[in-house]
Amino acid sequence: MTIHREKRLSYIVLVAPALIIYLAVVAFPTIFSIGLSLTNYNGGLIFGNPDIQFVGLKSYIWMFTEPAGNFYTSLGNNLLIVAVSVFGQIPLGFILAYILSRKLVKRGNSLFQTMIYLPNVISPIIIGVLFNAIIYGRNSVLMEVRKLFNPNAVFTLNTAPMVPVLIVILWMYTGFYMIIFLANLQRIDPAIIEAARIDGAREPQILWHISLPALSGVIITTAILAISGSLKTFDLIYAMTGGGPAGQTRVLSLYMYESAFRGAPNYPLANAISTVMVLISVVLIVITQRLGKTFGSKED
Amino acid sequence: MLRKRFLSLTLALVMLLSLAAFAHAEEVIELRVLNYLNMTSPNTAEEQKVVWEAFEAAHPNIKLVMENEFNEPFHQAVEAYAAVGNLPDVIYVWPSGRSTTLHTKKLLKDLAPLAERDGLTEFYNPLVLDPAQQVGGYLAMLSNGVTATHTFLVNTEVLKDAGLEPAKTYSELVAQVPVLKAKGYDTVLMANQDTWVMQSCLFSMVAGRFCGEGWEQKILNGEAKFTDPDFLAALNFVKQIYEDKVIDPSTLAVGYGEGPGLFATNTAAYYIDGDWRVGDFITDQSTGEALMSPDKQAGVEITVFPEIDVEGVKINRTNTAVLATGYGINANLEDGSPKLEAAWELVKWLVGKDVLTYRLQTGGLGTPSRTDIDYASLTLEPMQIALANLAGEYDKATVVIDGVFEGPVYTPLNDGLQAIGMGTQTPEQVAQATQDAFEAWKNAK
């Protein structure tokens, strides 16, 4: 066996397991899902079912034109979550990480760090159930607190039910980004900051000219994580509001789930929704990467 | 020599007997069962022993391989089994709704020939053996009973405290709102957080009263629309209920699990839910505890919504009823095969007199499908007796919307009923959205 052939064989042997797993659990389901979205399959046997026919983009057309506008309501809510994630969690996470890394708080750094990261280690289902009990019900904690101050307080429905969801999402995931930023801030050579300080740089200048440029690549990465994570949000909202009231907190993943498993199953529609979710995610991530390139990643 | 022959013969006989015993052992039939275990009912845990283990004891040649699921995991398991063509032999089934796939794809055996062969007709409510009552149009399941999706529970203790009598008409109900409020009570409680509750447990009945019997067939046949004045009037009545505070809009924040607890603690004078909820109030036989003690239950009346004395109502004293859940058999089981016979034996057992009587006593069932159950011989709690007499409280039963129309049609209606309560949509908008969804669904078909 020649060295070239040996190298090739070892390459195949080493790559094959990962490739097979990737094809089985990522590529095949994705392609299969797209295929299913173009059929009329609505339950029963999938393989060998003579009734399954190719119907083209029918499910996609229905999704975009259905009278109740569920897709647009769900997409709008997802975009709100993306906005809160990208423009809320990331800046806040960075600010907190900066405060902690620069030791701007004199005492209790570790305590603050733990407290901010803590929501990340709690299951979103538990957080959802907790906040449902705290915020939404007629006998919620919030209502009880209101009654402490005003015994005659009457429960009224929240006319903007997405707002509490967004606040919880902001609280939940900010710690995750803070940890990422903190780890990367600690990689910046203290000598550079010390040199800047000796040259007379003040804290805002250190932040703007040293810390932020050093983290531009990380910011892009966190933005991608935030976007993809926001688009697949499911568990928290399922537990917290179930998409209600009146579907006002429904997101795309919940809409997909309901299409597949609630009432008469509409699998092609559910698969069409998931395909569109992937497409939206890809588009947003490409835009983010382009923006990153335009403004230049200064991280080495 | 003779001795040797005798020994050889004996040995051969023993071997033959062993083979026969082995062959007999081989005849044990294994049945895979997918069962729905209702974890909210206090007496469910005992079912394993009383229903399933008792069957195995009575049928030593049948071995059950059970899979018990509850709520969403059950439905997802059914759809997954259906997708790969690996349905269990015996399955817990709804007559429509979440089990639509099993019926419309004919994945369940037509039980009519077996029911006829064994002469079941004389023991069951005719609805149970009527193929038209099941969404596939054939007898895919034998039902445990008939379910009233609307019950109107009256807490006479609360009414007495407010100096009131049970309301006979909607106007009387409206007049009671300020009196009850002054005493700190809600008038009518509903757990409306989930969208299906209002539609299934109240609006379907209201639609029946405003639109008359058979209204759904007129829509399905294209003779009527959801935007017609009578359906619109039904939606407007829901708006009126909220505006009159008969049902407070804040009930949209009451989770389905909270309803019975709130009613049991005298939060409201009336409570609307399905008849299956009565089982939640009765005594748990394993602990002796109840959400409502039998004494307190005696103060609860079970009836239907009062007469709606509003313009446009066509009929009153109605309810909504559908077949309850039951059991079906995998269509792949061959006719005449021992496995099919074993599965049929199990289904007959599950909807047989003993099991239904047991379920009736433990609150797992409201109105059984069999007609030969002697209520007088049973020890029932007051709310169970009240439920058994519910049929006398109404004259007609109309359809439950999500039992007739499919998800894409009733989803905008369910959401819309909540939106009316929140004031974010008008009845006209909800009617139009439902009609649009219906037409789009019909065209897609």
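In this predicted model, 26 residues of chain A are in contact with 38 residues of chain B, contact here being C-beta atoms, placed from the backbone, that lie within 7 Å. The side of chain A that touches chain B divides into 13 nonpolar, 9 polar and 4 charged residues; Ala, Val, Leu, Ile, Met, Phe, Trp, Tyr, Cys and Pro go down as nonpolar, Asp, Glu, Lys and Arg as charged, and the others, Gly among them, as polar. A word on bookkeeping: residues are numbered from 1 along each chain as its sequence is written, and chains are lettered from A and ligands numbered from 1 in the order in which they are written. As the model is predicted, local features need pLDDT of at least 70 and side-chain atom pairs count only at pLDDT 80 or more, while totals for chains, interfaces and linings use all residues.

Chain B splits into domain 1 (28-143 + 325-364) and domain 2 (149-322 + 393-444), with bounds that come from an automatic or database domain assignment. Between the C-alpha centres of domain 1 of chain B and domain 2 of chain B there is a distance of 30 Å. Domain 1 of chain B puts 12 residues into the contact and domain 2 of chain B puts in 10 residues. On the side of domain 1 of chain B that touches domain 2 of chain B, the tally is 3 nonpolar, 8 polar and 1 charged.

Now to the strands of chain B. Helices (H or I, at least four residues) and strands (E, at least two) are DSSP runs, numbered from the N terminus, and two strands pair if DSSP finds at least two bridges between them. Strand β3 of chain B, residues 90-93, sends B:Val90 and B:Tyr92 one way and B:Ile91 and B:Val93 the other, and all are buried. Buried means 20 or more other C-beta atoms within 10 Å of the residue's own, exposed means 12 or fewer, and partly exposed is in between, with C-beta atoms placed from the backbone. Strand β1 of chain B (residues 29-36) pairs with β3(B) in the parallel sense over 2 bridges, and B:Leu34 has B:Ile91 as its bridge partner in β3(B). Strand β11 of chain B (residues 326-329) runs antiparallel to β3(B), the two being joined by 4 bridges. Here B:Tyr92 sits opposite B:Tyr327 of β11(B).

Chain B also has an open sheet of 4 strands in the order β7-β8-β6-β9, with mixed pairing. The edges belong to β7 (186-189) and β9 (300-303) of chain B; each has a single partner strand, so one side of each is left without a neighbour in the sheet. Direction ignored, neighbouring strands of this sheet are turned by 20 degrees against each other on average, using axes that are lines fitted to C-alpha atoms, for helices over the stretch in contact, with angles that run from 0 to 180 degrees between N-to-C directions. Strand β6 of chain B (residues 151-155) and β9(B) pair in the antiparallel sense over 4 bridges, and B:Phe152 has B:Thr303 as its bridge partner in β9(B).

Most residues other than glycine have a negative phi, and most peptide bonds are trans. A:Lys103, though, has a positive phi, near 55 degrees, in the loop between α3 (70-101) and α4 (109-117) of chain A. A:Lys103 is exposed because 9 other C-beta atoms lie within 10 Å. B:Lys106 likewise has a positive phi of about 55 degrees and is found in the loop between α4 (100-104) and α5 (112-117) of chain B. With 14 other C-beta atoms within 10 Å, B:Lys106 comes out as partly exposed. The peptide bond from A:Gly244 to A:Pro245 is cis, with omega near -5 degrees, and A:Pro245 is in the loop between α11 (235-240) and α12 of chain A.

Helix α12 of chain A (residues 252-261) holds A:Leu254, which is buried because it has 25 C-beta neighbours inside 10 Å. Neighbours within four places in sequence aside, A:Leu254 is in contact with A:Ser74, A:Phe234, A:Ile237, A:Tyr238 and A:Gly243. A:Lys232 is 22 residues from A:Leu254 in sequence, and their C-alpha atoms are 9.1 Å apart.

A:Pro268 is in helix α13 of chain A, residues 267-295, and counts as buried with 25 C-beta neighbours inside 10 Å. Beyond four places in sequence, the contacts of A:Pro268 include A:Leu36, A:Tyr41 and A:Ser59. A:Gly88 is 180 residues from A:Pro268 in sequence, with 35 Å between the C-alpha atoms.

Key:
Contact = placed C-beta atoms within 7 Å.
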